[in-house]
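Open the complex in your viewer and keep the selection tool at hand. The tour below goes from one selection to the next.

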Amino acid sequence: MSAPESSLEPPPAPPPVSTARPIVEVQNVTKSFGDVVAVSDVSFTVGPGVTALLGPNGAGKSTLFRMLCGLTAPSRGTVRVLGEKAREHRNVRGRIGLAPQQDALLDRFTAYEFVELAGRTHGVADPSGQARQSLAYVDLDPEDPKRVGAYSKGMRQRVKLAAALVNDPDLLILDEPLTGLDPVQRNRMISLFHDLGDGGKCLLVSSHVLDEVARIGSNVLVIAQGRLVASGDYRRLRELMDDRPHRIRVHSDDARKLASALIGRGVADGAAVRENALLIDTLNVDRFGRSIAPISAELGIRLREVVPTDDDLESVFRYLVERR
Amino acid sequence: MNGNARSSADGTEIHDRGYRKYEGARSGVVGAVRSLVWQTIRSILGLGRPARHKVFPVIVVVIAALPAVVFLGVALLFRDLGDDSLVNYSDLFGFSVAPTMLFAAMVAPEALVRDRRDGMFSLYLSTPLTRASYMGAKALAVLSVMLIIALGPVLLALLGYTVIGDGPPGVVEWFKVFFRLTAAGLVISAVMAAISMAGSSVTDRRAFASVAVILVIFGGAIVSSILVDAAEFSNAYGFLDPMGTVGETATRILGESPEQGGSASELSDSDTAAVALGAAAWFAAGAGIVGYKYRKLEAT
Amino acid sequence: MSIITTSGLTMQFGTQRALDSLNVAVQSGVTGLVGANGAGKTTLMSLVLGLRVPTAGQTRVLGLDPRARGAELRAQIGYGPERNVLPQDTPASDFVKHMAEVRGMPRNEARGRASDALWLVGLGEERARSLGTMSTGQRQRVKLAQAIASDPALLLLDEPTDGLDPVQRDEMLSLIRQVSREYGIDVLLSSHLLEEVERICDHIVALDAGRLVAQGRLEDLVGDEQGVAVELAETADQPHAFNDVVSRLSESGLEVRHGEVGSRMEVIGPDADLIADLVRDAVADANARVIRIERRRRRLEDLFSAGTP
Amino acid sequence: MSGSVSALRAIAITHRLLVRQLVTKGRIAALLGVGVIVSLVVALVSRAVGEDESAEEALEVGIEVMSNLGFTIVVPIVSLVFASAAFGDLKEDGTLVYLWLRPMDRWPIAVGGWLASVSVSLPVTLVPLTVAALIADVGSELVWATVLACVVGNLAYSAVFMLLGLLTKNSVVWGIGYILIWEGLVAGISGVGEKLAIRGYTRSIIAEQTGVDLYLGDLSLGIAIVVPALVVVAAVVLSTLRLRSLDVA
């Protein structure tokens, strides 16, 4: 299985994910802990909107986020948020909202107290009002007398989000905000992200669960083994991926006729019939996707199912990671 | 169903991975306890762990063994000086007081606290171990290591003196001394182990366990010495000092009083029965706290 | 034969009812215990292990009562806890060997089995590393290795894929399935990710807020429903293709629902053949690019959204 | 919109947050218990001594008790427990980020942390020790000496142990090592050691205020106050630098 080497390399210049003023600029950043290189020569810029940072565990996502927030300094390269380094510039820190990955909260505070304190430490004008507003935003009750230590994981994730929102930050960094949530909670969180992104904030959301990422945002940064392996629009990324061979399972009422038509017209590069299903191999899914319905319609073949067997995000991801 | 090993549903060939079914006998609770005791001893002493975990155990063992080795050396080099060069066993116990306390405060809490912090306590309860057998194994492990500190040097001295011909005269006498030493060492170790484990069960932080043990042992010693020596209160306040209490118990068991080192104990005038009761009370208090705390401790 | 049966099992913590008169029968094979966080999965596991006293009800595991013969029962169970903290400084092989001994393997046997188990989970090369230096994925594997090293009759795995990325998750799931199939070990694994449970489990026990939502064979619980799900690609040259398809199908009198992502729709109607043809023609006329056309399936997720039976 | 936080507000906020974190029922109860035991012991002793000894001897006994029990164990250990936890706990459980990633300067955070540990450990030690000095009833000199030494000791120990908590994970173990081995053993050996141990200054204050000779206590009052003050400044400055260079989890 070979793909053109250049198609998914990080482009030489930081890809302009957004045309607006970049909120985050990362330039040739390397971070190593002793001999272990966690992040290796990564460059990108991010503007307003939701951007998903995608990568397996240990790929360097959290390290990257920590550097963005100034929690640790890069070994080489520069990280700027709103044009400044958060580690050195006090006021930049006030424009960042971070929901860290670790499940750590001040457990003896109530949700309201915790978020209100976050507001105070950020110097917001009306900590109490802002805290109530943030909590309402994530569907938590400011009057709840329970301490966050007694909260479930899903509620704790939302408390973290509310605390990150309380200073109305320009940059919101959410490190694995969906882990430990059940499907209902996940859906609700994701729609929250979209609301915030639509409101003009820059959101960086990391995840390793691929089927979530498509829903989180269309801008994707893929990081693996400390390197930025791909970046850009998720759909365009997928189009880039179209170069690799795809296998699609087609259920129809006449597999053989459809197979020979698809091969005859150069839509399929290979076909096999197995248990009534037609397995199509193609190097150009775009052409296949555009042609399958018209061809079937033309031949009067009933199309029951068209199922890509390796086109889910997990396969894309696996391809990106394992190819290296 | 069982039995169709080696071929999975999709027809993949499975290679031999070494892992296979086990048909032999299982060792049950006894094996579990034995393994836990050994594992705990290793972890207390820092065996099989990075060097920084060995620092405190090694320091304590060296401090404990040094006097015995020095006195043996002196006895060996200056054999002609006569009996004056021999230290009695009670004095040697006196020398192991400081290392035993240090051990109880700084090293032994490892045995209990770490299991609660890293989730091992809950994991152990998912095995044939129960709270009771778990605690028994832990107590046995702490006691064993404590014995090395408290009794080891004294037995070393006994063996050394015997080898160079200054040991107790006759086999019967030798065994008498041996058993007395062992009994005294056991009492010291048991009480210190109980206090150390009690301190370890009141907090999830190893450091706070150390603070608790220090407050009890040192605080007890200071308070009792103030009350008895400075205020000239009844000597019975000497029982507030756990180390003094077990030290006196050891002295009674050995049947000799220290000649040098520690000054005469506040308790030297008390009844032997009272002294024994005092030591038993300290042991019971420690064990009671451990039992109470662990009975209620939730396994998650 | 049922591996685990409960009848009227109830667990009350203060004012909170963690399990509510649960009647469960877990069969041989791989069983998925699914439910949201706080649904009672971990509580059920601890009752199966006999670590708690239920407020009411009975439990039998491998034919034994966990409260009365807990130690004997637990010797036959390998448990992988949810907590991800393990002794930091202990090498993986020491830890697995120790747990094998504690679960009843004789000392000599334990060493070999620990090594075999670590090789089986793919950590053979890493077995001398201390647990603190291992990644989340490796630690999940160690937890599996320590659970299987004593060759248990039953494996209880609490969220064994928590914190894993997709590649690691797939590997872990196929490992669990492999262990179960090859060595005849029954598995009860809990998860809040329904899709992974659907992937490897033979049976399902679904809990919601301490109540049983559903249990049974996977294929009985999930299956086909009426209609198809269609996903189209957004293409630059045909920006209106999706809306065109939707409106054409709606005009044909079919019920069309937008999915949660913009390029997905569900087309619902009683006549499968008619739908297939209408969808094909609508897509062809709109010049849309097909990503997938699939029969609608009832998913485990639907068990929960449908509410308690 | 968020702004930045002024230094004074930052001190106040940090103080409030850390006091809340430090005051756990268990710690306060345990350490107050220790304080009560101390008062009780002093009360018993003074009652006993007062009956049949001269005033001079009674004072000496009182001082002996106070300096041995109060200033070698209670004050340093209590300060250690709270001050090393001030930032140590946040660092260990991963919540330091909620204080660190904020538009606040670093030095007010260090000052706030120091004030927080002082405002917990000072009442816990000052009240029982002062009550003990009052019960002892051997003259107001001992009371004032106790108050002054307790304040100076708490301020200095808290600053040093707060820094220790920022530097090492096992701050309590190292702190105990310092208290028992350095202050308890090494510092007792020579006059130089005395000047390198906070205990030397607290004892000097007691000796100076009461006019009683005390082993390890022959520094003048001025020095006994100025040197600990410098220690505080140095420890707070180092803590600030440490906060700045720290890698936050």
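Two residues are in contact here if their C-beta atoms, placed from the backbone, lie within 7 Å. The model on screen is predicted, and the predictor gives the complex an ipTM of 0.72 and a pTM of 0.76.

**Stop 1: chains C and B**

Select chain C together with chain B. Across this pair, 33 residues of chain C are in contact with 39 residues of chain B. Which elements of chain C give two or more residues to the side that touches chain B? They are α2 (70-74), α3 (92-102), α4 (107-120) and α6 (166-183) of chain C. Colour α4(C) separately: the largest share of this side, 6 residues, comes from that helix. Sorted by class, the side of chain C that touches chain B has 15 nonpolar, 6 polar and 12 charged residues.

**Stop 2: a strand inside chain C**

Select strand β5 of chain C, residues 77-80. To find one of the partners, pick C:I77 and look for C:L154 in β6(C).

**Stop 3: chains A and D**

Show chains A and D. Here 25 residues of chain A are in contact with 23 residues of chain D. On the side of chain A that touches chain D, at least two residues each come from α2 (90-93), β5 (96-99) and α3 (111-121) of chain A. The largest share, 4 residues, belongs to α3(A). This side of chain A is made up of 11 nonpolar, 8 polar and 6 charged residues.

**Stop 4: two helices of chain D**

Keep chain D and select helix α9 (residues 198-210) and helix α10 (residues 221-245). Two packed helices are described by the angle between their axes and the distance between the axes. For α9(D) and α10(D) the angle is about 150 degrees, and the axes are 9 Å apart. The crossing of α9(D) past α10(D) is left-handed. Show side chains for D:I198, D:Y201, D:S204, D:I205 and D:E208 in α9(D), which meet D:L221, D:A224, D:V227 and D:P228 in α10(D). The contact of these two helices has 7 nonpolar, 1 polar and 1 charged residues.

Notes:
Residues numbered from 1 in each chain as written. Chains lettered and ligands numbered in written order. Predicted model: local features only at pLDDT ≥ 70, side-chain atom pairs only at ≥ 80, totals over all residues. Nonpolar A, V, L, I, M, F, W, Y, C, P; charged D, E, K, R; others polar. Buried ≥ 20, exposed ≤ 12 C-beta atoms within 10 Å, placed from the backbone. Pairing = 2+ DSSP bridges. Axes fitted to C-alpha atoms, helices over the stretch in contact; angles between N-to-C directions. Left-handed = near helix turned anticlockwise from the far one by under 90°.
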